[in-house]
Structure formats: structure tokens, C-alpha cells
Amino acid sequence: MRNIIKNRIVVKNKESTSASAIKYSIVPKDLAGHLYQVSLQISQPDPAGQIVMLPAWIPGSYMVREFSRNIVQLQAHSAGKKIAVKKLDKHTWQAAACDGVLTLEYEVYAWDLSVRAAHLDQQHGFYNGTSVFLQVLGQEMSPHIVDIQRADDAACKTWRVATSLPELKAKRYGFGTYIAANYDELIDHPVEMGNFALASFEAHGVPHDFVVTGTVPNIDLQRITADVKKICETQIAFFEPKTKRAPMDRYVFMTMAVGDGYGGLEHRASTALICNRSDLPAKHQTEITDGYQNFLGLCSHEYFHTWNVKRIKPAAFAHYDLRQENYTSLLWLFEGFTSYYDDLMLVRSGLISEASYFKLVSKTINMVMRGSGRKKQSVAESSFDAWTKYYRQDENSPNAIVSYYTKGSLVGLALDLTIRIETAGKKSLDDLMRALWQKFGRDFYQKTALGQQQGLGENEIEAIIQQATGINAKRFLDRYVRGTEDLPLSKLFEDFGVVLNDGSKSAKIVKPVLGVRTGKDGNDCKLVNVYEGRAAHRAGLSAGDVLIAINGLRVSAADAADGLTNALSRYSVGDTVQLHVFRRDELMLVQAKLQSDDVPALALALEEHSKAVLQTKRPSYQRVVKA
């Protein structure tokens, strides 16, 4: 008997399962050419001609990426005869009808060093199933078996395999066959191959592996796993305070360490991460650097997704349609609330101090307040438009959109404080998250096997908030989620003995600015963003213009690096300066009146009399960070 990773689907007879399963084999074929060779065997193809499809996007990354463009060639055969294959659209093929087993052979180009696609070279191989495994339409719920094969290359002789996909005949960390209950599960377990560093730990009885690919001299894996273990155990206990039962049998952190990179993608029993190698601590380091703190926050964020979005899902994601966009206006909850809790879990697990946590929250507040797009787009709209706006940002994005991650996290913070205030500390956002877990998440994959899975409906959130906490959140959601009003954080914090100070108003020196973000373009200074209503915008400048001189003095790439701080240091707010710029190959001369820097410098701090505040019946902020 084989229990397939918390799906509660038991394969009673491996031989019968193998006979009816969809079977794949994948092998690194050409390391230097970055090619995987994939074989797909369908034992019972559609008599009318089997249709197969490669997903256009990967769950967790809301952008159509057209993975099928990386299929180099595709052929089919059956019983030794070639079978004709017709391409129906950009990512769909149909094989001609045949008797017996249908086999498709194809190559996949893998040269995308990210968490969302596939990559292969002489150092390692990585892939997500959405990039390499064709979906057999009509047989998605059949068991899926994949034979991960070692490359016939000397460089791969010592490679191992890291994945949370359950083994069939393969040994742990070995090449061989693995099994998934269905196609959805198959593509939810990325695979890493190579000579990676590995450390293991248990969190409330569940085995966890921490894998690091890439050269990281003197890496302190013992410290990393000890810290990540605290995060994992805090989150498991958060959702299941009585049983402390995790929703998976095993979990794998797969980290790619590079010179410059940051990101993560969640899966049901693993996560793929990419980070700067300098963010990972060396054995002689004891302090928590900003880089390491950010990395722990990334681990916390992706691990929290194990519950929130991988099992608690919006209704639009309960049944993925991987051919096209799946729209929801709830990403402010699924990504935003996860962003709220990722740093909160760091302080609750004891890894960072309250003071460090306040700095992280302050940074998020300033990021949101800096963009004028927050006044034009609500986080509900931002969620819905993720496919076309958030994931396809351009030079005007700061003026037009708001992030459902950052403002969504502040919505979570404000709603948490509101609930605590209105219930005199008896309820919190924690109660809402646990209610969502119990209603939608706890049994999600068991119900998937029966075709009964459900997600959170677009109009259900108000009722669930009221059921979980007793408060009516309609006005809050209308103003701050569906509307574009700024969250009343300063007022909310006051009730907890916390003040939100604006350091920019108390600054003795007012910095003159053009209101742009600059970047290097060779030896030149290019305008990357021109902020609406600021000096450069009013002077007629645009993103993409190359600034070459201010009042006759050259501006260079070095000035771009410091945001023109040195170039404008001799001027004052209100001064008018002459700017020479190139737009395309045409020289322009404009005048700009320098303005004061309006970048917010908000900072959280406990009031001096906070001890007295915390002794009263008013809610304590320590209840938030230590819940």
C-alpha cells in the first residue's frame, strides 16, 4: 500500500496502477545545449486521437509564460510505427488515432534560471513539471509515474535528486521512478538534480530537507536549519494549535544560491527559492544580517503558502485551467496576508526582535506610501489585473498600480488590529486564518480526489470574517480593499501604545529632487521612472530619457548610482536648473524646478508610556507579535 503525500489516495496494487498510469521519463540529454529529453507513454490513448497540452502558466506565478515555446521537437509512435501529430494551437497537439500504446518523444530547452521554469547545465538540473510534462487531456486524474534518469555524462556521475514527489521504486535522493496521484500533483513537485548541499531536520515530527545548489563557501547549514525549523514549527502550531499536525508527510526547501537573485515559488510539499549567496550565513558569522533576515522572511513566506493558497484557495484556483488566465480579486488575501505573516512569524518564532520587526513593517508602509498608483488602483483590482499589470510592469507602473503583496500585507495588519480593538483582544486575524483553514484547506486534497474541492468565493470573505471574529468588515473592505483609501494605521497603532513617526517632517535638511528613479546605461544616466506630478514630469521628461548634464555639468552613471544626490547637492528646493537630455538620438534642453523629497520616512516605535498602556485594558501590541 502506498499513501501518496496526504492526498489520502492509496495505491493498493502497484502492478495495476502501473498498467493504467501515465508514464514519463526525463533525462538531461545535452548539458551544454540545455536540453531535456522527455518521453510520454499513454497506455490507453483516446480512440479519436489523443490530445496533449503543455501548461501556459505555473500556479503561484500569475503570468502566461507560454512554456510550449521551449519544446524543440515532438514526435509520436505506436507499435514501431510513426504516428502523425497535428498542432492545434500554441500549446496543444493531437496525435492520430492508433491501436495500442502511444508514445510521444520531445526535447525541452531549459535555460531559465528562475524558480518558475526549467534550467540545465553542467552544474545542475532543475525543472517544474509545467515546463516539461505534457498533460494528457481526459486522463488528468490517472496516476502519473515519472522515471528521472541520470544523464550519460561524466559530470553527472555524482548527482543526486531532491524532490518532494513520492518515490515509487527510486530511493530517497536517487534516480528512478516517482509517482503522483494525478497530473495536478505531478506538476506541484519541482525537481533539483546535482551535487547539492543537504541538511535535514524535523518540525513537529515531519521530516524536512534543506537543499542548497550553487557554490557557497563555508555555509552554516546547521544554523540555517535550526532557524528554519523554528519558523516551520511556529507555523504548524499556528494553524493546528491543538494537534500541531502538518498538512504534508515531508517537505523540501530547494535553494539556488547565485551572485544576484531573489525569489520563491510555493508548492504543496516544497518550495523553490533563489537567493544571493551572500545572504546565507557562514560558520563564523553570528549576527542576523539584513540579507539573512530577508532570506528567512522568504522561507517563512513560501512555507506559509503551504496552507494559504496551496490548500486554502480562491474559488478560481480550486480547478486550475492551465491554458489561460485564472482571474481572482483575492490575491490581496492569499499573497498579501501571507506577506503580513511571513515577517510576523520571524518575531513570533524568536528569530528577530520586536524592534527589528517594527523596522520591517515601517519599510513596507513606506514602500506603499511612495507610489501614487495606490490612489488609482485598489488591491482587489490589482489582484484581478495581476496577469496584465503586476507581472508585466513597465516604466509607468509606480504611477498606475499598487502591489497586492505590500498593500495586501498592510490590509492584513490593519484588519488584525481592527479585530483586536473591536473584540477587546478576544479575537484576531489568526482566528480568521484558522477558520479558512478548517473550512477550505484541511481536507482540500482529499476532496480533490473525489472532485469535490472548493475554494473561497469572491463574495464570501465578509461572512467568514464575521463568523470567525464577530465583526462586520464590510465598511473596512469597501474602503481599503475595494476602494483606494489609505489605511488608518497611525490611528490603529495608537490603541496599542505604538506611534508611527514621520522622520521626513523632522529632518533638518530638506533634500532637493527631480522626482525620478535613475539607472545606469553604459556610462550614462537613464531615467527609469518619472514620478507623476514631480519636477521632471512637469519639465516634460519621460522614462527612457538619458540625462547628460545639469546646468552645464555632466551627469554620468556614477550619478545614476546615487540617485542624483551628489549632482543636486549644491542646489536647494525651489531652484530652477537646466537639464540637457537625449530622447532617442535627439538633444533636448528643459528647465526643472527642484522639489523637496517627499519619500516617506515613517517609523514605528513604542510610546514611552507603553508600559502603563500595556497594564490597562487596552489591547497590547505584544499580543500581536507573541500570539
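**Close-up views of a predicted model**

**View 1. Strand 22, a covered strand.** Strand 22, spanning residues 270–276, is mostly covered, with 7 of its 7 residues buried. The structure shown here and in the views that follow is a predicted model. Ser 270, Ala 272, Ile 274 and Asn 276 point one way from strand 22. Thr 271, Leu 273 and Cys 275 point the other way, and the residues of both groups are buried. In a regular strand, side chains alternate between the two faces of the sheet.

**View 2. The pairing partners of strand 22.** Two strands are shown beside strand 22: strand 20 and strand 21. Strand 20 (residues 251–258) runs parallel to strand 22 and is joined to it by 7 bridges. On this side, Met 254 stands opposite Ala 272 of strand 22. Strand 21 (residues 263–266) pairs with strand 22 in the antiparallel sense, over 4 bridges. Here Gly 263 has Ile 274 of strand 22 as its bridge partner. Strand 21 and strand 22 form a hairpin, with 3 residues between them.

**View 3. A salt bridge between two loops, Glu 66 to Lys 90.** Side chains of opposite charge can pair when their charged atoms come close. Glu 66 forms a salt bridge with Lys 90, and the closest N and O atoms are 2.9 Å apart. The pair links distant parts of the chain, the two residues being 24 residues apart. Glu 66 belongs to the loop between strand 5 (51–53) and strand 6 (71–78), whereas Lys 90 belongs to the loop between strand 8 (85–89) and strand 9 (92–95). Glu 66 is partly exposed, at a relative accessible area of 25%. Lys 90 also counts as partly exposed, with 45% relative accessibility. A search of the whole structure finds 23 salt bridges, among them this pair.

View 4. The side chains of Glu 233 and Lys 229 meet in a salt bridge, with an N to O distance of 3.3 Å. Because Glu 233 and Lys 229 are 4 residues apart in helix 4 (residues 221–239), about one helical turn separates them. Glu 233 has a relative accessible area of 24% and is partly exposed. Lys 229, at 29% relative accessibility, is likewise partly exposed.

View 5. Asp 478 forms a salt bridge with Lys 474, in which the closest N and O atoms are 2.6 Å apart. Both residues lie in helix 15 (residues 474–480), where they are 4 residues apart, or about one turn of the helix. Asp 478 counts as partly exposed at 30% relative accessibility, and Lys 474 counts as partly exposed at 42%.

**View 6. The surroundings of Gly 412.** Gly 412 lies in helix 11, which covers residues 406–422. Because its relative accessibility is 0%, Gly 412 counts as buried. Which residues does Gly 412 touch, not counting residues up to four places away in sequence? They are Phe 337, Tyr 340 and Leu 429. Gly 412 and Phe 337 are 75 residues apart along the chain, yet their C-alpha atoms are separated by 5.3 Å.

Notes. Residues are numbered from 1 along each chain as its sequence is written. This is a predicted model: local features need pLDDT of at least 70, side-chain atom pairs count only at pLDDT 80 or more; totals for chains, interfaces and linings use all residues. Side-chain values use heavy atoms; hydrogens and water are left out. A salt bridge is a side-chain nitrogen of Lys or Arg within 4 Å of a carboxyl oxygen of Asp or Glu. Buried means under 20% relative accessible area, exposed over 50%, partly exposed in between (1.4 Å probe, protein chains only). Two strands pair if DSSP finds at least two bridges between them. Contact means heavy atoms within 4.5 Å.
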